[in-house]
Amino acid sequence: MTALSQIHTKVIKLVELLAKPKKDVNQVVNTFQALYEIVIRDFFEENKSTEQLKEEGLAPRNPDAMAGFLFENAIELPDPSNENFYRQVRRLHTIVTSRDSMHNIPANLEARRRIAFFSNSLFMNMPHAPQVEKMMAFSVLTPYYNEEVLYSKEQLRTENEDGISILYYLQTIYDDEWKNFMERLRREGMAKDDEIWTTRLRDLRLWASYRGQTLARTVRGMMYYYRALKLQAFLDSASEMDIRKGERELGSMRRDGGFEGYNSERSSSSRSLSRASSSVGFLFKGHEYGTALMKYTYVVACQIYGAQKAKKDPHAEEILYLMKQNEALRVAYVDEVSTGRDERDYYSVLVKYDQQLQMEVEIYRVKLPGPLKLGEGKPENQNHALIFTRGDAVQTIDMNQDNYFEEALKMRNLLEEYRHYYGIRKPTILGVREHIFTGSVSSLAWFMSAQETSFVTLGQRVLANPLKVRMHYGHPDVFDRFWFLSRGGISKASRVINISEDIFAGFNCTLRGGNVTHHEYIQVGKGRDVGFNQISMFEAKVASGNGEQVLSRDVYRLGHRLDFFRMLSFFYTTVGFFFNTMMVILTVYAFLWGRLYLALSGVEGSALANSNNNAALGAILNQQFIIQLGLFTALPMIVENSLEHGFLQAIWDFLTMQLQLSSVFYTFSMGTRTHFFGRTILHGGAKYRATGRGFVVQHKSFAENYRLYARSHFIKAIELGLILTVYASHSPVAKDTFVYIAMTISSWFLVISWIMAPFVFNPSGFDWLKTVYDFDDFMNWIWYRGGVFAKAEESWESWWNEEQDHLRTTGLWGKLLEITLDLRFFFFQYGIVYQLGIAADSTSVAVYLLSWIYVLVAFGIYLLISYAREKYGAKEHIYYRLVQFLVIILAILVIIALLKFTAFKFVDLFTSLLAFIPTGWGLLLIAQVFRPFLQSTRLWNSVVSVARLYDIMFGVIVMAPVAFLSWMPGFQSMQTRILFNEAFSRGLRIFQIVTGKKSKGDL
């Protein structure tokens, strides 16, 4: 190593001597001699004799030549006019003097990641790229409905309830990029920072839009294909002399400021942000534009663009702006033309922006037989625009995706995969790796990103090879366009059954003998939901879609036609994953209901009398804890992280995730998947849930969380908690605290996760003031009567009616199964009434039948008070209070009589609540099934009133732990730290975002 450093020093000295205007030949000779001496004496491991050096040509054979300096008369320096030689000398000087310093590594984490992936991908196996003129032509297709195109000035400045605007959020999260952006604008002539709201507003809007999940970001990313093809077309035809000549011209233009005139001709936004003024563009000869346009087209299916233009919608103007800036961009939309009084004609229209005419022009207009939207909206949108794509392949890209220039350079290589055999067939779908770009700040986004990353890399790699069951799971995949056009298209659009339209393209491909591969040397950016409610709605959509897949003919046919091993692989990777999740939760239910039956029936007590040790039983029955914790869900993440970042880093990430309560999140997700998958299997009726793609750092109200999770999580958790409580009070095993904890800790973890997760992962979830406001808001929502047109967000009654939609669409078997499942709530009453003191240890069935008198009396009293309130509550209030007084006196007299003349104990009052409240809930659920018969009777109003009281009770039960933790000092800060740990580690001002405390100097 010492010899290498000496050689390096001497080479630098030699290059510096050669680069000087006045060159001293003697010094050059001395340097060469010193280099020679170091190599001969120090570089070799073993010292060599003069004879050995002569044999190897490292010493002159003539002894006289060894007398003086070896290079004394041998060096002739090139003429100073030899520009080529001295340019290479300067390049060599740059290379040998450059240090790989930490300062030279990009400070931006995203830049580092992109450079690292690109450099690594160059060493992966990929086909040789042909010339652009010989490559396969391809198109990109993006479905768009009414999402954001560009953020408006108002959107950027408008503050939420915490005083945080979108721009402030972006400035905080992308602090270094904001500084670079402002520096770039100042360099381009911006005098004052306030100008970003006036003359440079378009630049600001683009900068913000390129960091959100907007159409502008997707279009910019997909147009990198066009720019890459232009560059590659130039390099294909350019000679070395062309490139050298271009370099000289560019150098002189930089010195003379020649770029300024060119830049001034273009709009400032395209100059500073899209980098359209790339210096390489000066070298193009002209044919590159035509070649790139022949090989690439980008079609955005803006379904309602025609209607937006007619209404002067800002979205239409922004889409037109994108067409102006990108000549390869085409927009397809559905045009409705009124032909008569009530008649309309429908057309699929393709438009582009003509740069010469300076206006939007129509390319094609295809008449449709009727309205477009017969099935699901997104696949219908894709299908009508597919005819406007060109080329051999089509890449389907979602509206929340992005692309990178360096990845676009590899598209030629990827398309060559269609010429290679994978197994016995050539591919028909080329699977592409995704990078989730939304996993940067909150722990939730990180959990989701980690889960997705493991699936789109390790998971899909294994599915494609060796399992051969990879389908189409989203939108960076590249389709063989001609193959799919002749075999049913890329999207099935039947309403409800094809709610998860992506995967049906994979089913269709596999059934028709296609071949799906997966390639990891190229990647496309993908945005994911980052808020807890968004993530849950997305998982609900996916779970419902899987429920519909179970009922579809595609899965039925695949089950019949796949061989045994592929069928097992297919099952596990599609519907089986959700089915297994549901089985895990059902196992917990069966275990707890079974233990409750054993305890209340006395079987457990008699079994314990015959056995001295129940610890072994507890250990065996608690094995589901590992599965419930989500550890198995995390295993692919650990493997993938160990491959990408190293084993120790993977373990550290896993432990960090556990400290950030990832197990709570994954356990909650299991509940989401189970509820919606099971409901779809029983009743059908899956529906598309728009999750929204905003920046989520604002607090969600308790009423909103209750609406989303009451039926899927909260009530189920309360049911399991009630079972555990009753079991603890009536089981002889529970008297041994250790055994009880060992047997039920996983179930309690499930209960706590299902109740607390929406609040743990809610920004400012444990802020005392917000908790108080939330409870007031919740009570107002519960009691707000509203009208027929009241929305679910405004009125409890509208929400309650919406929650029963699945019972309206279900069939007879669905209703029978629903009633059968609801009967379980009557078991509480059946088991507990025999434990009451008033039962006097009787085991007669008459005790159970008599207990129903209590239910009927309680309901009768409720009806009486309701009737009195309606009749006397407003005008003759004294009579209403009198009825209440008489009912209370009567209840007290009955309790005294029972205490005096029977074995009734005062504690039986509270114990009986555990029996009769579940019975009332069971009756309520059954009444909902019989709604068509009950709705026309007077009884239905009482059912609605009782249901409202139950939801108030459930709300209070859920709110109690939230209120307690909000009251605890320091808990809010700890929750913020858990939720935004990644931001803290990067030194971001996340507290200011969450609490809304902006500094005065911020824009």
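Predicted model: local features only at pLDDT ≥ 70, side-chain atom pairs only at ≥ 80, totals over all residues.
**Val 496**

Val 496 is partly exposed, with a relative accessible area of 26%. I placed Val 496 in the loop between helix H21 (481–485) and helix H22 (501–511). Most residues other than glycine have a negative phi. I noted Val 496 again as a contact of Gly 685.

**Gly 685**

I went to Gly 685 next. Gly 685 sits in the loop between H32 and H33. With a relative accessible area of 48%, Gly 685 is partly exposed. Which residues does Gly 685 contact, leaving aside neighbours within four places in sequence? I found Val 496 and Glu 548. I also checked the distance to Thr 809. Gly 685 and Thr 809 are 124 residues apart in sequence, yet their C-alpha atoms are 6.8 Å apart in space.

**H32 against H33**

H32 covers residues 662–683 and H33 covers residues 702–730. They pack at an angle of about 120°, and their axes are 10 Å apart. Oblique is the range between 115 and 145 degrees here, as well as between 35 and 65, and H32 and H33 are therefore oblique to each other. Their crossing is right-handed. From H32 I listed Phe 668, Gly 671, Thr 672, His 675, Phe 676 and Arg 679. From H33 I listed their partners Tyr 709, Arg 711, Ser 712, His 713 and Lys 716. The residues of this contact divide into three nonpolar, five polar and three charged.

**The nonpolar cores**

I looked up the largest nonpolar core. It has 102 residues. Tyr 706 and Phe 761 have the most contacts inside it. H33 gives the most to this core, with 15 residues. Tyr 706 is in contact with Arg 711, Phe 714, Phe 778, Trp 781, Trp 799, Asp 951, Phe 954 and Gly 955. A second, separate core has 54 residues, including Tyr 225, Leu 229, Tyr 296 and Tyr 333.

**H44 and two partners**

I took helix H44 (residues 939–967) with helix H34 (residues 737–760). The axes come within 10 Å and cross at roughly 50°. That makes H34 oblique to H44. H34 passes H44 in a right-handed crossing. Ile 755, Met 756 and Phe 759 of H34 meet Val 958, Pro 961, Val 962 and Leu 965 of H44. How do the residues of the contact of H34 with H44 divide? I count seven nonpolar, no polar and no charged.

Then I took helix H40 (residues 845–872) with H44. The angle is about 100° and the axes are 11 Å apart. H40 is therefore roughly perpendicular to H44. Phe 859, Tyr 862 and Leu 863 of H40 make the contact with Leu 939, Ser 942, Ser 945, Val 946 and Leu 949 of H44. These residues divide into six nonpolar, two polar and no charged.

Asp 398: buried or exposed? At 7% relative accessibility, Asp 398 counts as buried, because the cut-off for buried is under 20%. Asp 398 is in the loop between strand E6 (393–396) and strand E7 (401–402). Not counting residues up to four places away in sequence, Asp 398 touches Thr 142, Pro 143, Thr 218, Lys 378, His 475 and Lys 526.

Glu 161, at 60% relative accessibility, counts as exposed. Its loop runs between helix H6 (153–157) and helix H7 (166–173). I checked Glu 161 against His 699. They are 538 residues apart in sequence and 8.5 Å apart in space, C-alpha to C-alpha.

**Other backbone notes**

Ser 764 has a positive phi of about 55° and is not a glycine. I found Ser 764 in the loop between H34 and helix H35 (768–783). At 5% relative accessibility, Ser 764 counts as buried.

I logged a cis peptide bond between Asn 465 and Pro 466, with omega about 20°. Most peptide bonds are trans. Pro 466 lies in the loop between helix H20 (443–464) and strand E9 (478–480).

**Whole chain**

The chain has 47 helices and 10 strands. Of its 1003 residues, 50% count as buried. Among contacts with a separation of 6 or more, residues 24 or more positions apart account for 78%.

Note on methods: Residues numbered from 1 in each chain as written. Heavy atoms only, no water. Axes fitted to C-alpha atoms, helices over the stretch in contact; angles between N-to-C directions. Helix = DSSP H or I, 4+ residues; strand = E, 2+ residues; numbered from the N terminus. Left-handed = near helix turned anticlockwise from the far one by under 90°. Contact = heavy atoms within 4.5 Å. Nonpolar A, V, L, I, M, F, W, Y, C, P; charged D, E, K, R; others polar. Buried < 20%, exposed > 50% of the residue type's maximum accessible area, 1.4 Å probe, protein only. Core = buried A, V, L, I, M, F, W, Y, C linked by side-chain atoms within 4.5 Å.
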